[in-house]
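Grab your viewer and work through these exercises on salt bridges and nonpolar cores. Each one has a task and then a solution in steps.

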Amino acid sequence: MDLLDNTIRPYAWGSPTAIPALLGTEPTGEPQAEMWMGAHPGAPSRTPRGTLADLITAAPEQELGTAAVARFGPRLPFLLKILAAGAPLSLQVHPDLTQAQQGYDDEERRGIPLDAPHRNYKDANHKPELICALTEFDGLCGFRDPEHSADLLEGLGVDSLKPYVDLLRAHPEDAALREVLTAVLSADRDDMAHTVTEATTAATRLGGPYAPYADLAHHYPGDPGVIAAMLLNHVRLQPGEALYLGAGIPHAYLSGLGVEIMANSDNVLRCGLTPKHVDVPELLRVVRFEPSDPGVLRPEASPDGEEVYETPIDEFRLSRYVLPPGGATHDLTRPTPQILLCTAGSVRTGGHELTPGRSVFVPAGEPTEASGTGTLFRATVVA
């Protein structure tokens with residue numbers, strides 16, 4: 001079992017204080033957006049034996065187990081993160097596996113460099129993800145009922161939004177959503193910036209359900225993504241609640257601290273709230289234009305005290321143990337690789353004392369127990 005030394009990514013949207021507060025360190029004054037735990041080549045976790053990526057490459061079946069290697073290949077198929085949003089992230093969507101493979105192959109054939117700013121597909125994998133709130137956490141997830149979006153837009157009293165209101169009240173719903181998102185993202189940039197400015201003024205005045213969108217516009221003035229965001233469900237997670245974000249579901253994280261786990265991919269199609277490339281035709285190929293409930297997940301408890309966040313995919317499985325004072329020791333041994341992350345209290349495992357923000361990698365099959373008082377997240381795979 002290896003104690004992990006993890007990289008913190010300083011993305012501009014990151015909170016300068018949330019991750020330092022969790023770790024008990026002094027803020028640097030710079031944003032600290034994500035702490036990565038895993039073997040992603042962009043920032044693999046470090047161990048006393050070398051980087052986690054190097055360890056897995058040298059002995060994949062020993063580290064990952066034969067079942068995981070047979071199912072996912074000689075790589076850790078998930079990336080675990082602590083995510084701290086101090087400002088909204090871009091409005092985005094992820095492809096399914098077939099779309100990712102097709103998109104990657106097409107861009108490879110066209111010779112688009114992997115680091116090109118207009119490249120959509122950095123790999124041929126899908127990127128389902130799960131975010132579990134450690135603090136109150138705000139986000140946008142999935143299309144709301146088009147009638148509700150029409151009411152929201154109409155309530156702003158902005159004349160240039162009336163065509164979108166009419167489209168949203170047309171049927172069928174999927175066609176209405178497609179037409180409106182296409183129109184918003186394809187509109188003349190100057191005209192749309194004027195519309196967003198008017199909408200922002202109205203949203204700021206009205207407050208209430210408009211407040212999240214007024215805040216978005218403060219961070220991204222004139223961005224068409226502000227109007228696109230009003231087509232989505234706004235959700236506020238309480239600590240311990242989670243969202244699963246499958247392929248084709250538009251979403252954005254707005255604020256808060258959480259534990260995030262995802263398939264090991266960098267494929268993102270952006271819809272707005274970003275200065276980065278927005279490929280509207282490819283985005284429209286990937287988005288699922290159907291209204292949906294955001295589907296807040298609460299963990300399902302098993303008799304041994306493990307609380308599991310159920311998802312429909314196998315590349316990752318996230319669960320947690322909330323260990324009370326004087327509680328039992330838990331056997332965490334599994335035939336699959338694990339990363340164990342403490343987010344509260346003090347948890348003992350494998351000779352290590354984990355405090356908030358500390359994590360360990362457990363090779364497949366290694367005998368593992370956990371005890372203490374606190375909260376321990378477990379990331380593994382289904383194989």
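**Exercise 1.** Which residue's side chain meets that of R236 in a salt bridge?

*Solution.* Start with the criterion: a salt bridge puts a side-chain nitrogen of Lys or Arg within 4 Å of a carboxyl oxygen of Asp or Glu. R236 passes with D138, at 2.7 Å from N to O. Helices (H or I, at least four residues) and strands (E, at least two) are DSSP runs here, numbered from the N terminus. Last, check accessibility: D138 is buried, at 10% relative accessible area, while R236 is partly exposed, at 46%. The cut-offs are under 20% for buried, over 50% for exposed, and partly exposed in between (1.4 Å probe, protein chains only).

Some ground rules before you go on: this is a predicted model, where local features need pLDDT of at least 70 and side-chain atom pairs count only at pLDDT 80 or more, while totals for chains, interfaces and linings use all residues. Residues are numbered from 1 along each chain as its sequence is written, and side-chain values use heavy atoms, leaving out hydrogens and water.

**Exercise 2.** Find the salt-bridge partner of R169, then the network around the pair.

*Solution.* The partner is D151, with the closest N and O atoms 2.4 Å apart. R169 lies in the loop between helix 7 (162–168) and helix 8 (173–186), and D151 is in helix 6 (residues 146–154), 18 residues away. Both are partly exposed: R169 has 29% relative accessible area and D151 has 41%. Now widen the view: E147 and E154 join D151 and R169 in a network of salt bridges. The whole structure holds 22 salt bridges.

**Exercise 3.** Is R110 buried or exposed, and what does R110 pair with?

*Solution.* R110 is exposed, because its relative accessibility is 54%. R110 bridges to D106, closest N and O atoms 2.8 Å apart, and D106 is partly exposed at 28%.

**Exercise 4.** Which residues have the most contacts inside the largest nonpolar core?

*Solution.* Define the set: buried Ala, Val, Leu, Ile, Met, Phe, Trp, Tyr and Cys residues joined through side-chain atoms within 4.5 Å. The largest such core has 48 residues, and L153 and L156 have the most contacts inside it. Skipping neighbours within four places in sequence, L153 is in contact (heavy atoms within 4.5 Å) with L161, Y164, V165, L168, I227 and M230. Apart from that core lies another, of 36 residues, including F72, I313, F316 and V381.
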